[in-house]
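This report describes one protein structure in words. Look over the sequence and the model below before reading on.

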Amino acid sequence: MSAVEAKLAELGLTLPEVVPPLAAYQPAVQSGPYVYTSGQLPMLGGKLPVTGKVGAEVTPDEAKELARTCALNALAAVKSVAGDLDRIARVVKVVGFVASASDFTGQPAVINGASELLGEVLGDKGVHARSAVGVAVLPLDAPVEVEVQVELVQA
């Protein structure tokens, strides 16, 4: 078990199976020392646990937890390409999308769920640049979607 996966276990988390693509793309690709994930939805066991807009059908606290799930799914996608999460030198960038009610402006607090998870799991390697964007709708009516870019230590 890698040190990163041991930390996940210590936090009571397990790395999920990679979420299969919903269309014509790969969950993650490597280019040079970087791994780019596709947008990760908060899928649990192949399903979205909740759907709708944040600030309407979904509370900000629920959405923050869903963003944590997105980040966990992104780590699974990174592992599928890198082979070992201990190869992560650092998280470079996180982009989070929040399907938002028209008057909802708390996107940064929602995406903190993903950022905080990466920090808990990776420590200083999890510190990253970030964007948190409100959108009208996401695939499958998901409330949140997160993509991650990491730099790998060269093997």
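In β5, Val148 is the bridge partner of Val94. This pair is part of the contact between strand β3 (residues 88-99) and strand β5 (residues 144-152), which run antiparallel and are joined over 9 bridges. Helices (H or I, at least four residues) and strands (E, at least two) are DSSP runs, numbered from the N terminus. Two strands pair if DSSP finds at least two bridges between them. Strands of a sheet pair through backbone hydrogen bonds, in either a parallel or an antiparallel way.

The model is a predicted one: local features need pLDDT of at least 70 and side-chain atom pairs count only at pLDDT 80 or more, while totals for chains, interfaces and linings use all residues. Residues are numbered from 1 along each chain as its sequence is written, and side-chain values use heavy atoms, with hydrogens and water left out.

**The sheet**

The sheet is open and has 5 strands, in the order β1-β2-β5-β3-β4, with mixed pairing. Its edge strands, β1 (28-31) and β4 (129-135), each pair on one side only. From one strand to the next, the twist averages 15°. Strand β2 also runs antiparallel to β5, and 3 bridges join the two. Three bridge partners involving β5 are set out here.

| Residue | Partner in β5 |
|---|---|
| Val94 | Val148 |
| Ile88 | Leu152 |

Is β5 enclosed or open to the outside? Of the 9 residues of β5, 7 are buried, so the strand is largely enclosed by the rest of the structure. Buried means under 20% relative accessible area, exposed means over 50%, and partly exposed lies in between (1.4 Å probe, protein chains only).

Contact means heavy atoms within 4.5 Å. Axes are lines fitted to C-alpha atoms, for helices over the stretch in contact, and angles run from 0 to 180 degrees between N-to-C directions. Helix α3 (residues 107-122) lies across β3, β4 and β5, and runs at about 155° to β3.

Ala71 is found in helix α2 and is buried, with a relative accessible area of 1%. Leaving aside neighbours within four places in sequence, Ala71 is in contact with Ala114, Leu117 and Leu118. Ala71 and Gln40 are 31 residues apart in sequence, and their C-alpha atoms are 7.5 Å apart in space. Thr69 also belongs to helix α2 and is buried at a relative accessible area of 15%. With neighbours within four places in sequence again left out, the contacts of Thr69 are Pro42, Met43 and Leu44.

**The helix α1**

In helix α1 (residues 3-10), the residues Val4, Glu5 and Leu8 are buried. Seen down the axis of α1, these buried residues fall within an arc of 95°, so they line one face of the helix. The arc is that of the directions from the helix axis to the C-beta atoms. On the other side of α1, Ala3 and Glu10 are exposed. The buried residues of α1 pack against α2 and α3.

How do α1 and α3 meet? Their axes come within 8 Å and cross at roughly 115°. The two helices are therefore roughly perpendicular to each other; angles under 35 degrees count as roughly parallel, over 145 as roughly antiparallel, 65 to 115 as roughly perpendicular and the rest as oblique. In this meeting, Val4, Lys7 and Leu8 of α1 face Glu120, Val121 and Leu122 of α3 as contacts. Just after α1, Gly12 takes a positive phi of about 80°.

**A buried loop residue**

Pro143 sits in the loop between β4 and β5. Pro143 is buried, with a relative accessible area of 0%. Leaving aside neighbours within four places in sequence, Pro143 has contacts including Val50, Val58, Leu66, Phe97 and Leu138. The C-alpha atoms of Pro143 and Leu41 are separated by 8.5 Å, although the two are 102 residues apart along the chain.

**The record**

An unreviewed UniProt entry lists residues 5-147 as "domain: Endoribonuclease L-PSP/chorismate mutase-like". UniProt positions are given in the numbering used here, feature names are shortened, and annotations may be inferred rather than shown by experiment. In the model, the end C-alpha atoms of residues 5-147 lie 20 Å apart, and the span is 31% helix and 22% strand.
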